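Subject: Structure handover and notes

Dear colleague,

Here is the structure that I promised to pass on, with my notes below it.

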Amino acid sequence: MLHVQTMTIVVGISGGIGSGKSTVSRLFAECGAAALNADEAARAVTDQPEVKAALRRRFGDGIFAEDGGVDREILASRVFDTTDPAASLWERTALEAILHPAVREHLDRRLAQLRLDGRDLVVLDVPLLFQSKYQDECDHIVFVQTKQETRRQFVAKRGWTAEELDRREAAQTPLEDKKRQSTEIIENDGDVVRLRAQVQAIFRKLTAE
């Protein structure tokens with residue numbers, strides 16, 4: 001990994017699924033931060049021929065849409081199978097082995113460039129921040145604290161049930177561990193004005209250090 005000595009501050013965004021991490025990342029960007037999103041990186045790398053070939057070898061033609069792209073919904077249903085937890089873990093591990101190195105390389109390259117560009121602050125919206133050891137790249141970690149019911153309402157808009165949320169969250173680092181390893185906490189109660197004010201306060205604090 002390329003390390004460049006600059007004054008760039010790197011902030012990881014942590015929290016539960018549906019807590020509003022992407023919204024917080026966007027609000028930091030409004031303040032002038034550069035934002036890197038792992039889900040966007042994953043979508044980018046799945047278009048890479050070598051990644052698509054690896055996915056096809058492991059999961060078969062059934063995960064591909066008619067246009068030749070990966071159908072993320074079908075792939076997700078494979079790795080979060082509700083009927084066989086053991087098989088689901090096996091499939092998820094296989095998927096991570098294919099995607100994570102490519103996503104990491106993509107984000108590392110973007111982050112190195114932003115450091116070279118001398119950006120004051122970069123936010124990393126990486127769902128598996130701790131599992132992927134990306135906290136080691138962060139100077140600060142912001143935990144977005146959101147009530148479970150609010151998060152369930154949010155993911156329901158994606159078509160997920162409460163059980164789906166619980167199942168996917170069980171595959172991640174426990175919330176209390178994420179919170180304990182964070183340096184800043186933001187309360188997200190659904191009020192964007194209040195959320196923006198908290199983000200602005202943290203941005204001012206971190207860039208003034």
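Is Leu-95 buried or exposed? Before the answer, a word on the source: this is a predicted model, in which local features need pLDDT of at least 70 and side-chain atom pairs count only at pLDDT 80 or more, while totals for chains, interfaces and linings use all residues. Residues are numbered from 1 along each chain as its sequence is written, and side-chain values use heavy atoms, with hydrogens and water left out.

Leu-95 is buried, because its relative accessible area is 13% and buried means under 20%, exposed over 50% and partly exposed in between, with a 1.4 Å probe and protein chains only. This leucine belongs to helix α5, where helices are DSSP runs of H or I with at least four residues, strands are runs of E with at least two, and both are numbered from the N terminus. If neighbours within four places in sequence are left aside, Leu-95 is in contact (heavy atoms within 4.5 Å) with Leu-55, Phe-59, Leu-75 and Val-79. The C-alpha atoms of Leu-95 and Arg-58 are separated by 8.4 Å, and these two residues are 37 residues apart along the chain.

Helix α5 (residues 85-116) also packs against helix α2 (residues 38-45), their axes coming within 9 Å and crossing at roughly 110°. The axes are lines fitted to C-alpha atoms, for helices over the stretch in contact, and the angles run from 0 to 180 degrees between N-to-C directions. The two helices are therefore roughly perpendicular, on a scale where under 35 degrees is roughly parallel, over 145 roughly antiparallel, 65 to 115 roughly perpendicular and the rest oblique. On the α2 side the contact involves Ala-38, Ala-41, Ala-42, Ala-44 and Val-45, which meet Leu-99, Ala-102, Val-103, His-106 and Leu-107 of α5. Of these contact residues, nine are nonpolar, one is polar and none is charged; here Ala, Val, Leu, Ile, Met, Phe, Trp, Tyr, Cys and Pro count as nonpolar, Asp, Glu, Lys and Arg as charged, and the others, Gly among them, as polar.

As for the cysteines, a search of the whole structure finds zero disulfides, a disulfide being a pair of cysteine sulfur atoms within 2.5 Å. For Cys-31, the nearest cysteine sulfur is that of Cys-138, 18 Å away. Cys-31 counts as partly exposed at 25% relative accessibility, whereas Cys-138 is buried at 15%.

Cys-138 is also one of the residues touched by Leu-124, among them Val-10, Val-11, Gly-12, Ile-13, Leu-36 and Tyr-134, not counting residues up to four places away in sequence. Leu-124 sits in strand β3 and is buried, with a relative accessible area of 0%.

One backbone detail remains. Most residues other than glycine have a negative phi. Lys-133, in the loop between β3 (121-125) and β4 (140-145), has a positive phi of about 65° although it is not a glycine.
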